[in-house]
Structures are given as structure tokens and as C-alpha cells.
Amino acid sequence: KTHLPALARDRTYLRAWSVGCSDGSELYSLALVLHGMGLLDRSYLMGTDCRPNAITAAKRALYQAEQVQGVPPGILAQHFRRTGDGYLVHPALRASVHWWIENALKPRETQATWDLICCRNMAMYLEASAAAALWHTLERALRPGGLLILGRAERPTAGRRFTQLEACIYRRDKGGI
């Protein structure tokens with residue numbers, strides 16, 4: 001959250017990609033943060049996963065009570081609707097997010113177009129060669145100065161143009177690839 005204002009400064013549009021988005025909770029959380037900062041209206045949020053059932057769940061945007069227990073009551077009341085099955089993300093928030101079935105190693109856009117990429121807890125499950133290909137893809141897709149958010153057990157491989165800012169947060173270094 002502390003890096004988002006600097007990232008959005010001087011940008012007409014903020015572009016964020018959640019790679020391996022699973023049920024979409026991470027991207028909806030980002031949408032909530034951006035909404036709270038007044039940045040959601042000038043953001044493009046995309047979630048991708050290679051599993052069609054994950055994208056279906058993300059689009060459905062229905063979460064069980066235990067999945068939203070850490071959400072502050074005011075945000076829960078404003079951005080979710082209680083249903084018999086759990087909590088449904090408000091339609092306006094759902095409309096701010098786009099979903100694609102896509103292989104993270106062969107994405108549609110790979111040329112420094114993203115300001116923020118979240119790829120948490122995915123690379124650690126890949127074989128070394130596939131993880132190296134993923135780091136290359138993410139490096140190419142992230143604009144110089146953009147942020148890469150990873151899981152605690154993940155680090156970009158040596159030789160990549162990333163500077164660690166905090167645990168799990170890396171900035172894409174300036175310059176070409």
C-alpha cells in the first residue's frame with residue numbers, strides 16, 4: 001500500500017496483473033485498496049490462471065465467511081453482500097476486474113506494459129527451467145520502475161533486473177532487457 005501512490009504518480013492509468021490468480025481474492029483485495037486510495041477508476045486490473053475453474057471462481061466472486069474474516073466490518077458492509085453461501089463482492093468492484101484463462105509462461109502481453117505484477121506462491125511449484133522462463137516473462141512484462149509482488153518463499157533468479165524493496169516486493173530496474 002505504501003508503494004502504490006508513488007507507482008501511480010504521473011501515470012494516467014495504472015495496470016496490474018495477478019498471475020496465477022486462483023479464486024481472485026488477491027486481485028479483489030488490490031481493487032479494494034485502489035478504491036480506498038481513489039485510484040481504482042484509473043486502473044486496469046487483470047487476473048490470469050491456466051485453470052478454467054479458477055477463473056470461473058474468480059468471476060463468481062463469492063467467498064466463505066472464514067475467507068473474509070480479516071476484512072474490516074466497514075469495508076465488508078460497503079463492498080460485499082451477505083448471501084446464503086457466503087459473501088459476494090459488490091458488482092461495481094467485480095466490474096473493475098478482468099479475467100483470462102492463460103498460461104503464465106505464454107501470456108498475451110509481455111512488453112513492459114504492467115505497472116504492478118502479483119505472482120505469489122506460484123514459482124516455487126515450478127521446475128527450475130519453468131521458473132526461469134517465468135522470471136524472464138515477468139521481467140519483460142513489467143515496465144521499468146514497476147513492482148513485482150511475490151510469495152515469501154520466492155525470489156527472482158540471479159541476473160534478473162529487480163531490486164528488493166521489502167520482503168516480497170521488488171522493483172523492476174530501469175533500462176532495457
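**Close-up views of a predicted model**

**Figure 1. N121 sits in the loop between β7 and α6.** The model shown here is predicted. Most residues other than glycine have a negative phi. N121 is not a glycine, yet its phi is positive, at about 60°.

**Figure 2. S22 is a residue other than glycine with a positive phi.** The phi of S22 is near 55°. Where is S22 found? S22 belongs to the loop that links β1 to α2, and α2 covers residues 25-36. S22 counts as partly exposed, since its relative accessibility is 32%.

**Figure 3. Helix α6 runs from residue 128 to residue 141.** The helix has 14 residues. From first C-alpha to last, α6 reaches 20 Å. That is close to the 20 Å expected at 1.5 Å a residue. Which residues of α6 are buried? They are A130, A131, L134, W135, T137, L138, E139 and A141. Residues three or four places apart in an α-helix point the same way, because each turn takes 3.6 residues. What covers the buried residues of α6? The cover includes β1 (14-19) and β7 (114-119). It also includes β8 (142-150), β9 (162-166) and β10 (169-172).

**Figure 4. I149 is a buried residue of strand β8.** I149 counts as buried because its relative accessible area is 17%, and the cut-off is under 20%. Which residues touch I149, leaving aside its neighbours within four places in sequence? The contacts are L116, I117, C118, C119, R120, C168 and I169. The view also takes in E166, which is 17 residues from I149 along the chain. The C-alpha atoms of I149 and E166 are separated by 9.7 Å.

**Figure 5. H79 lies in helix α4.** This helix spans residues 73-79. Is H79 buried or exposed? H79 is buried, because its relative accessible area is 8%. Neighbours within four places in sequence are left aside for the contacts of H79. Two of those contacts are with histidines, H35 and H90.

**Figure 6. K174 is exposed, in the segment after β10.** Its relative accessible area is 65%. K174 therefore counts as exposed, as the cut-off is over 50%. What does K174 contact, leaving aside its neighbours within four places in sequence? It contacts P144 and G145. K174 and P144 are 30 residues apart along the chain. Their C-alpha atoms are separated by 4.6 Å.

**Figure 7. The protein chain as a whole has six helices and 10 strands.** Its C-alpha atoms fill a box of roughly 50 × 35 × 30 Å, taken along the principal axes. The radius of gyration is 16 Å, which agrees with a compact globule, because 177 residues would give a value near 16 Å. How much of the chain counts as buried? The share is 45% of the 177 residues. Among contacts with a separation of 6 or more, 69% join residues 24 or more positions apart. The accessible surface comes to about 9300 Å². Carbon and sulfur atoms hold 52% of that surface. The chain has 23 positive and 15 negative side chains. The centres of these two sets lie 3 Å apart.

Definitions and conventions. Residues are numbered from 1 along each chain as its sequence is written. This is a predicted model: local features need pLDDT of at least 70, side-chain atom pairs count only at pLDDT 80 or more; totals for chains, interfaces and linings use all residues. Side-chain values use heavy atoms; hydrogens and water are left out. Helices (H or I, at least four residues) and strands (E, at least two) are DSSP runs, numbered from the N terminus. The expected span of a helix is 1.5 Å times one less than its number of residues. Buried means under 20% relative accessible area, exposed over 50%, partly exposed in between (1.4 Å probe, protein chains only). Contact means heavy atoms within 4.5 Å. The radius of gyration is taken over C-alpha atoms; the globule rule is 2.2 Å times the number of residues to the power 0.38. Accessible areas come from the Shrake-Rupley method with a 1.4 Å probe; for residues, only the protein chains shown count as cover. Lys and Arg count as positive and Asp and Glu as negative; His and the chain ends are not counted. The place of a charge is taken as NZ of Lys, CZ of Arg, CG of Asp or CD of Glu.
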